[in-house]
Amino acid sequence: MIVRSAERLRAAEEVVAQLRQGLDVVAVTLPSLRVDTVSLASDAPYPLVDLGRCNLDTALRLAAVLQGLEK
């Protein structure tokens, strides 16, 4: 199945929204979570999702959630 450029961008935007919503449920905020616009620059864009940078407390909380240890 070939996914066209516009569809790829829409899919990337949707997954960013889903990630943001899911992370909100477990009280984790990744402030830089977004579609990476640089990855859209080519003729056939393959959008990347930029999870961004976060501080140590957020990284620890995220790791705990991923390991199922969130208190």
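**The salt bridges**

Guide: A search of the whole structure finds 2 salt bridges, a salt bridge being a side-chain nitrogen of Lys or Arg within 4 Å of a carboxyl oxygen of Asp or Glu. Please keep in mind that this is a predicted model, where local features need pLDDT of at least 70, side-chain atom pairs count only at pLDDT 80 or more, and totals for chains, interfaces and linings use all residues. Residues are numbered from 1 along each chain as its sequence is written, and side-chain values use heavy atoms, with hydrogens and water left out.

Let us start with Arg34. Its side chain meets that of Asp50 in a salt bridge, 3.1 Å from N to O. Asp50 lies in strand β2 and Arg34 in strand β1, so this pair ties together parts that are 16 residues apart in sequence; strands are DSSP runs of E with at least two residues, numbered from the N terminus. Arg34 also forms a salt bridge with Asp36, with the closest N and O atoms 3.8 Å apart.

Asp36, with a relative accessible area of 16%, is buried. Here buried means under 20% relative accessible area, exposed over 50%, and partly exposed in between, using a 1.4 Å probe and protein chains only.

Terms used
Helix = DSSP H or I, 4+ residues; strand = E, 2+ residues; numbered from the N terminus.
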